[in-house]
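Biologist: Could you put the model up, so that we can go through it together? I will ask as we go.

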Amino acid sequence: MIETKAAVGRPVPRREGGDKVTGRARYTDDLVVPGAWYGKTIRSTIPRGSVRSITFDPAFDWPKVVVVTAQDIPGDNVVQLIRDDQPALSAGEIRHREEPILLIAAADRDTVAAAQRAIRIEYDALEPVFDIEQATETYSTIEISKGEVDEVFEGLEGVEVIERTFKVGLQEQLYIEPQGAIAIPEPGGGIKVIGSLQCPYYVHRALKRALALTDEQAVVIQAETGGGFGGKEEYPSIVAIHAALLARKAGRPVRLIYDRHEDLAATTKRHPGVIRHRTAVRRDGTLVAQDIEIVLDGGAYCTLTPVVLSRAAIHAAGPYACPNVRIRARAVATNTPPNGAFRGFGAPQSLFAAELMVEHVAERLGVPSLELRKKWMLRLGDTTATGQQLTESVSSDLVVAAALKAAPPIRPSAHPTVRRGRGLSLVYHGSGFTGSGEKKLGGKVAVEAAADGTFTILTASTEIGQGTKTIFTQIAADALGVPLDRVTVGPQDTSLVPDSGPTVASRTAMIVGGLIHEAAEELRDRLAKRRKPRLPLRVDKSYVQPDTIHWDDQTYQGDAYPVYAWACTIVDVEVDMLTGEVHVTDLVSAVDCGKAIHPVMAEGQIEGGMLQAVGWATIEEIKMKDGGYQNDRLATYLIPTALDAPRIKTILVENPYSGGPFGAKGIGELPMDGPAPAIIAAIHDATGVWLDEVPATPEKVLAACNSR
Amino acid sequence: MPDVTYLRPRDVAHAVRLCEGTPDARPLGGGTDLMVMLHAGTVRPRALVDLWSLAELKGIRRVDGGVEIGAAEPYTGIIGSALVAEYCPALVAASRTIGAAQIQNRGTLGGNLANASPAGDTLPVLLAADAIVVTDRRAIPIVDFFTAYRQTALALGELIVAVRLPASARGVRFRKVGTRAAQAISKVVVAVNREPARIAFGSVAEVPLRARSAEASLARGDVQGAVAAVAADTRPIDDVRSTAEYRRTVAQNVLRDLLRD
Amino acid sequence: MQFTLNGATVSVDVVGTRRLLDVLREDLRVTGAKEGCGEGECGACSVLIDGAVVNSCLVAVGQIGGCSVVTVEGLALQDGKPSPLQQAFIERGAAQCGICTPGMLLAAHALLNANPRPTEDEVRVGLAGNLCRCTGYTKIIDAVLACRM
């Protein structure tokens, strides 16, 4: 065997890095498709009701334009996901603003714009529902129960009961590349869609269903993708269906590229919600019981809401050991645009409340919150709210110690009107799909050896900036025992690669990376067995859940995740007492990722996720008006700039997980969980006021300070 | 925008003739506002008259006791100007808060004035500095310049050539409150001068305005009274960026702070 | 009209009020500048005009007659190899999804030209017009600081 330097653990160059820094990388809108028309989605302007009439101005030259309505859908008028409630195009009923009603396409953008102005839609409006307390429809409910919660709250002597209600707001993923797809009709009735997306096979299934295509007729190819963060998990199915419907009717390729306004106004957001906590503790700080109620707003269609709710519920008790826990969670329907996947997937919402609850209990007991955390936190052998016993890679002590060690000295404020404060949070985040998800999914990969001595990884897992292509080649190269440059990742094209499952849920490195590791090792062994192996030789692998993992979907009891990644985050803030502005000046996070396959990329994931959380906690506010988002431009939806971002210091703690490749655990979402509660705690440290909600906008901070 | 004609004048006089003689013509400077509106379809002119490269509109020079800044001089030029730093450091500070490098390289005082947004970042500084807006035909005291929401005293075809700052501009102090540290449209802008007593605000009314009763109090040396008078002098609203209550409170807090010696 | 694009003279026959961004991407098929917002907020469409970084979505193409325009495609060295700044972006993890990278590189390039030894705060100011959602900016700032003269 050739002696090679291990690639895993080294910051090797990003695979597609050269293309990205030179402008050679081709994103969807960069692709030249000869003869392609420009498409546009015509959307509702009311939040609830029905379409009374659609009028096409007879003065307009309509033969220049292709128009698609719900009647033009050859298959089911459904966006395939969990429930079949969301139509690809409204068949008359309107459940939210910006709901797609018609599609148009023409040879140039000006004709499209003129056609759009020549369409008038009239509605019969119904009273919309925006308040989650008034919602009549429930998408899903979950109850997790451990011990005897009612008995604790009703009977026990000598316990303190603390109650608080927390609120979390909408958040836009704000990938810098807006949604987009190009659909190309193929000979034989097929359609090829090239797009900006995270999950090629989600789009594949959705296309087959809506356009009545066979497996082979539907082809989905991921173009270079300019960020996702969950926003390109399920929404691209809609964009792809629309582009494909237009291309089918026009008989030519159609580009459907959203501008930023449309993207902000119409696409999914992080679920807002209300979380109520009731915690019982003894005077000595012993945690006795947690009673938690979560309500998430799913918006007008179900999308992935039940799964988001599931992750929210499972993480709701925080990383703490408590003998009596009850978590009741429900997700409801309102008449806002549907909410959907966003990094963290419900956990940031419920962990925000859980972490602040520690602060409130500590304040009531008059002890430092860090002391309570250390008393309560889950350690090896402890059981979680779902009854999962943690048997390895439990890193609460490690990350707390590492973060405390790395935190900068506390500085006094340099200005009389500015106060400084510090906050800390401890979070954990399950890697991979919840419960039996990975088993049901059965993700597939293959690794192939070619005659020229090179190897190709065949996977549908996508590169969206997080480093998939690089870490997969590192894992495969080391498993094969070959130099890195002999291994490449094949294209994310459903006609060429197997369904590895979606690129979501902190599962790519750990689950799919694990499959690649297995496949590569088997390939190495099979190649080694023969002196002249017949090439090409391909090894396929499907995910098989270890029989040590047990989960009951009915009772929500058992091993919710194979393993958890851990983070302790310390933030320093400055609060301007004149304006209520909060500036996060320093952010330190110690993260246990099991094993950093690529330390620089792991840090990059953590830093980016942390800043996204800082934005959620401070300035990323969405104001609603009549069921629409008022912040529907980049001039009004503001994310942190380089000048707003704190100096972020990441400490990678490596506590390996035996089930992950080289010990790796998933950390894609974890960084979204910790900063928000730490920031609220830091604001309290600075000002003495508690804001139990995010975003903590200057308006809210100032009002809270003034009302003291 | 293929239906919008691009016109490139030789000089200011030619530009004035083009603006007067072309129906629905709009002057174009660095495009940082107009190109956004044009692309979004919120304005639909028939022609753009490009002032960007007219030499007469560039440059920063000393004039009778003060400083004159060309209407098409980008903010980057103002930020780097030793003259402006000497005569009106608050204008340098205000220019630094506008957008970021890309916008500062294209945005101009002439554009900020002509656009007349109540949130225009430099406008309260110009008000507090008693600036003079020099056009192709006259000199307009800044206090007479903003007539209504996004309306100015400019006549049809009248072009801003320069902005003059008197010696008193040196004492102006300024603070912008936005949502973030860069690339933010203001929630409140405050600019003050002690001598003469000037208090000007942005984003608290339909126009950038001088707070007259607050100024009267300040002229009497009554800082408390000036701060209190802000409530009556301003007309803030709730909108996507902030609330009326926040704007009023912050206008007062920042004013009090700027007047602290 | 004529202008210089990445060192070569180009002629285009277009309406002068069209956005420079569209002329670059659609007429000249130079797609390094990206449209992230269309209103000068994100900086993804940044290019250099006579050395100054600007948002090409806010420039009417008529305004650049005779000017020198540089896009990310023009940043590489003569032999086509990545420049030290581009190399630093790769090595230090400054490019993740890559969509902001061309604009970020041009802003950084302009900053280093004007100020060869910027402090960290000066780098933050210089890059504040370019939004990135992947990195938290830390690795981008480190890459720029690594290229100080």
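Biologist: Which strand of chain A is joined to strand β8 (residues 159-168), and do the two run parallel or antiparallel?
Modeller: The partner is strand β13 (residues 273-282) of chain A, joined to β8 by 10 bridges and running antiparallel. Before we go further, this is a predicted model, in which local features need pLDDT of at least 70 and side-chain atom pairs count only at pLDDT 80 or more, while totals for chains, interfaces and linings use all residues. Residues are numbered from 1 along each chain as its sequence is written, and chains are lettered from A and ligands numbered from 1 in the order in which they are written.

Biologist: What counts as a strand here, and what counts as pairing?
Modeller: Strands (E, at least two residues) and helices (H or I, at least four) are DSSP runs numbered from the N terminus, and two strands pair if DSSP finds at least two bridges between them.

Biologist: Moving to helices, how do α4(A) and α5(A) cross?
Modeller: The axes of helix α4 (residues 200-211) and helix α5 (residues 235-250) of chain A come within 9 Å and cross at roughly 45°, where axes are lines fitted to C-alpha atoms, for helices over the stretch in contact, and angles run from 0 to 180 degrees between N-to-C directions. That makes α4(A) oblique to α5(A), given that angles under 35 degrees count as roughly parallel, over 145 as roughly antiparallel, 65 to 115 as roughly perpendicular and the rest as oblique.

Biologist: Which residues make that contact?
Modeller: Among them are A:Tyr202, A:Ala206 and A:Leu207 of α4(A), together with A:Ala240, A:Ile241 and A:Arg248 of α5(A); residues are in contact if their C-beta atoms, placed from the backbone, lie within 7 Å. By class, the contact of α4(A) with α5(A) has 10 nonpolar residues, one polar and one charged. Ala, Val, Leu, Ile, Met, Phe, Trp, Tyr, Cys and Pro count as nonpolar, Asp, Glu, Lys and Arg as charged, and the others, Gly among them, as polar.

Biologist: What about interfaces, say how many residues of chain A touch chain C?
Modeller: On the chain A side there are 42, in contact with 43 residues of chain C. Both α1 (17-22) and α14 (599-618) of chain A supply at least two residues to that side, and α14(A) gives the most, with eight residues. The side of chain A that touches chain C is made up of 20 nonpolar, 13 polar and nine charged residues.

Biologist: And how many residues does the contact take from chain B and from chain C?
Modeller: That contact takes 23 residues from chain B and 25 from chain C. On the chain B side, the elements giving two or more residues are α2 (34-40), β3 (47-50) and α6 (101-104), and the residues of this side divide into 13 nonpolar, seven polar and three charged.

Biologist: Staying with chain B, in what order do the strands of its five-stranded open sheet come?
Modeller: The order is β4-β5-β10-β6-β7 (chain B), and the pairing is antiparallel. β4 (60-63) and β7 (139-141) of chain B stand at the edges with a single partner strand each, so one side of each is left without a neighbour in the sheet. Neighbouring strands of this sheet are turned by 25° against each other on average, direction ignored. Within the sheet, strand β6 (residues 132-135) and strand β10 (residues 160-165) of chain B pair over four bridges in the antiparallel sense, with B:Ala162 in β10(B) as the bridge partner of B:Val134.

Biologist: Last one, in chain C: which residue stands opposite C:Leu48 in β4(C)?
Modeller: There the residue is C:Val53, while in β5(C) the bridge partner of C:Leu48 is C:Val70. β3(C) and β4(C) form a hairpin with two residues between them, and C:Asp50 in the turn has a positive phi of about 45°.

Notes: Two residues are in contact if their C-beta atoms, placed from the backbone, lie within 7 Å.
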